[in-house]
Amino acid sequence: RDWLISRQRYWGAPIPIVYCDTCGEVAVPDEELPVLLPTDVEFKPGGKSPLAESAEYVKTTCPACGGPARRDVDTMDTFVCSSWYFLRYTSPHSENVAWEKDHVNYWMPVDQYIGGVEHAILHLLYSRFFTKVMYDLDLVKADEPFTNLLTQGMVLKEGTKMSKSKGNVVSPEEIVEKYGADTARLFILFAAPPERDLEWSDQGVEGCFRFLNRVWRLVAHYADQIKGINPGQAANGSLNGTDKEIRRVTHYTIKKVTDDVGTRFNFNTAISAVMEQVNALYGYKDKVPAGEQNLAVVAEALENLVILLAPFAPHFSEELWAATGHQGSVHSQKWPIHDPAALVQDEVEIVIQINGKVREKAVIGAALSPQEMEQQVLAMDGVKALIEGKQVIKVISVPKKLVNIVVK
């Protein structure tokens, strides 16, 4: 690429060149670097650099002959700094060198690069060039600056990129005022995968707000009941089928969120899994009589729910953490680890189809083979009534999912 390195503006690194009528273009000696920008600059509209208005900055002496000279009044493009700033981050307090070699070699390369599509072309390209020059000069051991790249999508409204120039920007202040910051965060993370463009939706924001209120009501319902209960007791003793299913959903959610966030950046599917867990808990609350509910299982579910929700709705989750009797911050807790044993299903609900149409549902053993599924379903009274007087041509059994009976 052809780099246009100079700009007629104030910000950016000064170009360390002076112009002498006798010697021509002369580089500023190393011992006089860095050249510092002046602080007495006046910014005026027009085509020339603001630095040209600073006589104190412009007038200097020639390093070669000592005669009068003038500084270059352009500055370098900001990519000259942004192409290697991450190296400086490894030694931010060093005053004599740009970075300490042992520091930069410990930290580099960067584990994860996240940027918009425009950065994937220019900044990424320039950073690689700069790093390779530093590598050739034996200043760094890494010959590539970044290990992984995630190019994030843009925010659209009505199919058009959201921007001030188009006048279609949604004010964050209005969203925060009406729904709270966590609703805005949750919607942005839930509405689309990070690498895809996000279509702004007022209805989507409202939906996330309703979801958070739903979580609040659920936790408020159980808050006093589960205070002082050890969630670790949920794995002890014998659990009935309904309690086991809630534990399975809890630990499935832990595994799903951990996998989606930790390795794939799929925040939208992680949040979806948390929503499914909330649905399951509401089903448990509404269908199981209060006196028969296992509060240790509920405590385990809600504790993990709040922790899993914390990265997406931090303020909201902090409030819920305190409301359920916990000390300290939810953001100081260890990330939960799923229990593989809790994921094992004893029973599953399957659908029963007649000629491809769903006619019944049944709960059967999760470990049944296709042949065992067929035998059990055909022996059910409801199924016998549906196929009475008809000839069974074949039976298709899909473990843990369905049994389709083909008749004529």
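This section describes the overall dimensions, a surface patch and the cysteines of a predicted model.

The protein comprises 408 residues. Its fold contains 14 helices and 15 strands. The radius of gyration is 32 Å, whereas a compact globule of 408 residues would have a value near 22 Å. Along the principal axes, the C-alpha atoms occupy a box of roughly 110 × 55 × 45 Å. Buried residues account for 37% of the chain. Of the contacts between residues at least 6 apart in sequence, 61% link residues at least 24 apart.

A nonpolar patch lies on the surface. V133, L137 and L139 make up this patch. Together they present about 250 Å² of accessible area. L137 sits in the loop that runs between α5 (117–136) and β8 (146–152). The relative accessible area of L137 is 56%, so the residue counts as exposed.

The cysteines form zero disulfides. For C23, the closest cysteine sulfur belongs to C65 and lies 3.8 Å away. A disulfide requires sulfur atoms within 2.5 Å, so the separation of C23 and C65 is too far for a bond. C62 is likewise in no disulfide. The cysteine sulfur nearest to that of C62 is in C20, at 3.8 Å. C23 is partly exposed, with 34% relative accessibility. C62 is buried, at a relative accessible area of 3%.

How values were computed. Residues are numbered from 1 along each chain as its sequence is written. This is a predicted model: local features need pLDDT of at least 70, side-chain atom pairs count only at pLDDT 80 or more; totals for chains, interfaces and linings use all residues. Side-chain values use heavy atoms; hydrogens and water are left out. Buried means under 20% relative accessible area, exposed over 50%, partly exposed in between (1.4 Å probe, protein chains only). Patches are made of residues with over 30% relative accessible area and no salt bridge: like charges are joined within 9 Å, nonpolar side chains (Val, Leu, Ile, Met, Phe, Trp, Tyr) within 5 Å. Accessible areas come from the Shrake-Rupley method with a 1.4 Å probe; for residues, only the protein chains shown count as cover. A salt bridge is a side-chain nitrogen of Lys or Arg within 4 Å of a carboxyl oxygen of Asp or Glu. Helices (H or I, at least four residues) and strands (E, at least two) are DSSP runs, numbered from the N terminus. The radius of gyration is taken over C-alpha atoms; the globule rule is 2.2 Å times the number of residues to the power 0.38. Contact means heavy atoms within 4.5 Å.
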